[in-house]
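Thank you all for making the time this morning. I would like to walk you through one model, and I will ask you to keep the sequence and the structure in view while I speak.

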Amino acid sequence: MLTFNIAHGRGLTPIQGLTLRHKLRVNLRRIARLILKLKPDIVALQEIDHHSRWAGNFDQLDYLRWHTGYPHAVFGINNRREGFMNLSYGNAFLSKHPIVDWESRAFGAARVGEKGFLYAEFDCAGRRLPLVNMHLHYRSRGRRFAQVEQVMDYVAAKHAARRAQWDLLPIVCGDLNNVAHSPDATAELLRYFSLHGHYSLHPQGGLTFPSPLPSRGLDFIFLPPGCGEVRCEVVPSYLSDHRPVWVEFEL
């Protein structure tokens, strides 16, 4: 699988809204080619736009789906604003496997800049795999802790209701906006999920941000027990300000 904050498709342009629609589409086609090269079964995307004026006013997930040929996709919108400066964006999944259930949750009620998480269950050759794709606050440690608390409460409730259908504990991934070695949200999530089994955090020491000369690891995949033969790579890429994280494992 792959997790990738695509920065609204703008590439390395520092200011959102200054990239022409044509260039956005060119960059998204390059992202599609990268996905096809890596061949992940499931792609978790953050900062992807549905119909936003600052990102070309088109459905970026549908565009990626068409150019990758992935048959299944779901969009979790965390930000909506109508009017001339319309916005609609959040998190998404692309998948080779059917998505049999999903739900999107925003952490708050802001119309712009709100973060959230997308939950989905995938039917992988008859096995039910739950995944959580999240994007945490970029600046406030306190808000990140409050956000991961929402995720932990949500997963606990899902586990109580659905564990008989799951073939694996939830895989958790996304842009966590903090490094793994500090007393912050990533470490807190790993501590929590490790209470339910031997979760592992990937990449282990890889740097993902900023993509040209990365100095911090902000993007992670938490793998639950039952995932073996794990291989992980921070993919060298300049298609966003984040580098994608690719992980391969066997069930």
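I will go through the sheet and its helices, then one further helix, then the salt bridges, and finally some backbone details.

Before that, a word on conventions: this is a predicted model, in which local features need pLDDT of at least 70 and side-chain atom pairs count only at pLDDT 80 or more, while totals for chains, interfaces and linings use all residues. Residues are numbered from 1 along each chain as its sequence is written, and side-chain values use heavy atoms, with hydrogens and water left out.

Let me begin with the sheet. Six strands form an open sheet with mixed pairing, in the order β3-β4-β2-β1-β12-β11; helices (H or I, at least four residues) and strands (E, at least two) are DSSP runs numbered from the N terminus, and two strands pair if DSSP finds at least two bridges between them. At the edges are β3 (72–81) and β11 (228–234), each of which pairs on one side only, and the twist from one strand to the next averages 10°. Axes here are lines fitted to C-alpha atoms, for helices over the stretch in contact, and angles run from 0 to 180 degrees between N-to-C directions. Strand β1 (residues 2–5) and strand β12 (residues 245–250) run antiparallel and are joined by two bridges, and the bridge partner of leucine 2 in β12 is tryptophan 246.

Two helices come next. Helix α1 lies across β1, β2 (42–49), β4 (87–95) and β12, and runs at about 165° to β1. Helix α2 (residues 60–68) packs on the sheet as well, touching β2, β3 and β4, with its direction at about 145° to that of β2.

Which residues does isoleucine 31 contact, if we leave aside its neighbours within four places in sequence? This residue lies in helix α1 (residues 21–38), and its contacts, meaning heavy atoms within 4.5 Å, are with Phe4, Ile6, Leu64 and Leu239. Isoleucine 31 is buried, with a relative accessible area of 0%, where buried means under 20% relative accessible area, exposed over 50%, and partly exposed in between, using a 1.4 Å probe and protein chains only.

Turning to helix α4, the residues Ala185, Thr186, Leu189, Tyr192 and Phe193 are buried. Seen down the axis of α4, its buried residues fall within an arc of 125°, so they line one face of the helix; the arc is that of the directions from the helix axis to the C-beta atoms. Among the elements that cover these buried residues of α4 are β7 (127–135), α3, β8, β9 (200–202) and β10 (219–223).

Now to the charged pairs. A search of the whole structure finds eight salt bridges, a salt bridge being a side-chain nitrogen of Lys or Arg within 4 Å of a carboxyl oxygen of Asp or Glu. One of them joins the side chains of arginine 144 and aspartate 184, at 2.7 Å from N to O. That pair links distant parts of the chain, with arginine 144 in helix α3 (residues 141–162) and aspartate 184 in the loop between β8 (171–175) and α4 (185–194), 40 residues apart. Are arginine 144 and aspartate 184 buried or exposed? Both are buried.

Being three residues apart in helix α4, they are separated by about one helical turn. Arginine 191 is partly exposed at 43% relative accessible area, and glutamate 188 is partly exposed at 22%. Salt bridges that share partners also join Asp101, Glu121, Arg128 and Arg162 into one network.

Lastly, the backbone. Most residues other than glycine have a negative phi, and most peptide bonds are trans. The peptide bond from histidine 202 to proline 203 is cis, with omega near 0°, and another cis peptide bond joins phenylalanine 209 and proline 210, with omega about -10°. Proline 203 lies in the loop between β9 and β10, and proline 210 is found in the loop between β9 and β10.

Glutamate 47, in strand β2, has a positive phi near 55° and is buried, with a relative accessible area of 16%. Glutamate 229, in strand β11, has a positive phi of about 50° and counts as exposed at 62% relative accessibility.
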